[in-house]
Amino acid sequence: MAEQKKQEIYNICVVGAGHVGLVAAACFAELGNKVVCVDNDKKRIEALRKLKMPFYEPKMEPLVAKNYNRKTLQFSSSLKDSIKKAEVIFLAVGTPPLEDGSADLTAIETVARTVAENLNSYKLIVEKSTVPVQTGKKVKETIYRYKKTDVPFDVASNPEFLREGKAVYDFFYPDRVVIGTESKRAEEILKSIYAPLKAPIVVTNINTAELIKHASNSFLATKISFINAVSRVCDLAGADIEKVALAMGLDKRIGSDFLQAGIGYGGFCFPKDLEAFIYISKRLGYDFDLLKAVKDINDNQQKNYVEKIKEHLWILKKKKIAILGLSFKPDTDDMRFAPSTAIVNAFLSEGSQISVYDPKAMPEAREMFKGKKIQFCSNLYAAVKGADCLCLVTEWDGFKKMDLKKIKKIMNYPLIADGRNMFDKDKVTGLGFEYLGVGK
Ligand code: UGA
């Protein structure tokens, strides 16, 4: 583990005002650095200058506002100018999945080229976006290829481990900071930037740092698919997955986190990172069959969930299905690769009538399901009114306080399909509901 270093103040440019970039920019500014966050989406930059956030993330808005007002955080759509003024450039641009599962690294290459063309003083270019192993090498080659001066530069990898919905907390209280470098200068700069966090710092080479990120996300996804697979056996055997997970988790070697069975993982990280890790491993010569199984188990959780409801209601055509929760997890409005989309689409193809409600993701949902016959509701009671099944898809805190007696009265048929094992089975069955959980 690396030693802590004294903090210095840096001129930082964060490229990309998405979940990783915007949170990191605000947090680096909060640590006292002079930060400019750049994005080529001019509308997004204009909105940020008016302190309008592009997505919902708890605790982010006040942090952005505080630092924007005290001028430690600025927003720009001029990549060239921002690069010229910065000493440290964090790449937090999107690396979306391509058809074949590989990561699209076009945005990374574009920024690397622009850095090369504007290399007016020493710069440290740091990958923060999740990228496949050996991307750093390509970034370095790109800068060498297009640079017009002999000004020195370094490339480093500093993967981000923050979770949506808890991003600000995760930034300030990380379990570890990973720094992959090839030079002492780059290592010292990054150690100094992270010094105030008092987190363990793992220093390694660039390839290893890149791989740590893919391996970490894939391992967490594996844990979820493992417990989901066990939940299937629990269903068949009449065992209780929650007790299984509790007892397994008490073993310190296993740990209790990420053992929550449900309708599977979603979001813009696990599904795409798993695909990208499978792809890059294959390209390097290793067939990562384990991860293919993790992905299959995950896809099947959603299919099995709908299947279970179908078995119960027999015919789904014209039945009203109320979907509560659309974001891929609570405390975010993000619906990218959300399990809710596969579930809604499965019910639509069965000819069911769908009503949906989510505390934050309704605008995203309207966009995502544009043109589809769905009733968008303004609250959960409107969604479940007249429903034959209440599908609990995202375990928002607010849902835990729902008035079940009222719901029982307004539903057409009192069936709860608890995709996140949020309800107490005995309590809801005691109130007269029929209950379908995941492995319990
Ligand atoms: C994940 C990682 O947890 C972060 O460390 C990482 O930085 C991030 O990806 C990323 O690569 O950017 P995130 O996608 O925000 O973070 O969400 P998680 O909290 O990890 O949840 C992912 C999915 O797994 C959600 O759909 C959640 O409902 C599901 N999940 C999680 C379960 O089904 N069971 C569990 O026990 C835990």
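**Ground rules.** I am reading a predicted model, where local features need pLDDT of at least 70, side-chain atom pairs count only at pLDDT 80 or more, and totals for chains, interfaces and linings use all residues. Residues are numbered from 1 along each chain as its sequence is written, and side-chain values use heavy atoms, with hydrogens and water left out.

**Domains.** I looked up the bounds, which come from an automatic or database domain assignment: domain 1 covers 11-204 and domain 2 covers 219-436. Their C-alpha centres are 33 Å apart.

**Interface.** I found 18 residues of domain 1 in contact (heavy atoms within 4.5 Å) with 18 residues of domain 2. The two domains bury about 1500 Å² between them (accessible area, 1.4 Å probe, lost on being put together and summed over both), with 59% of it on carbon and sulfur atoms. Tyr56, Pro97 and Glu164 supply 38% of what domain 1 buries against domain 2, more than any other three residues.

Which side chains meet in a salt bridge? Those of Arg336 and Glu164 do, at 3.8 Å from N to O; the term needs a side-chain nitrogen of Lys or Arg within 4 Å of a carboxyl oxygen of Asp or Glu. Between domain 1 and domain 2 I count one salt bridge.

**Ligand.** I listed 20 residues around the ligand (a heavy atom within 4 Å), and the closest are Phe161, Leu162, Glu164, Lys213 and Asn217. Next I checked ligand oxygen atoms: one is 2.7 Å from a side-chain N or O atom of Lys213. A polar side-chain atom of Lys329 is 2.9 Å from a ligand oxygen, and for Arg420 the distance is 3.3 Å. On its own the ligand has 720 Å² of accessible area (Shrake-Rupley method, 1.4 Å probe), and the protein covers 91% of it.

Technical notes:
Polar contact = N/O pair within 3.5 Å; in protein donor to acceptor, adjacent residues only side chain to side chain.
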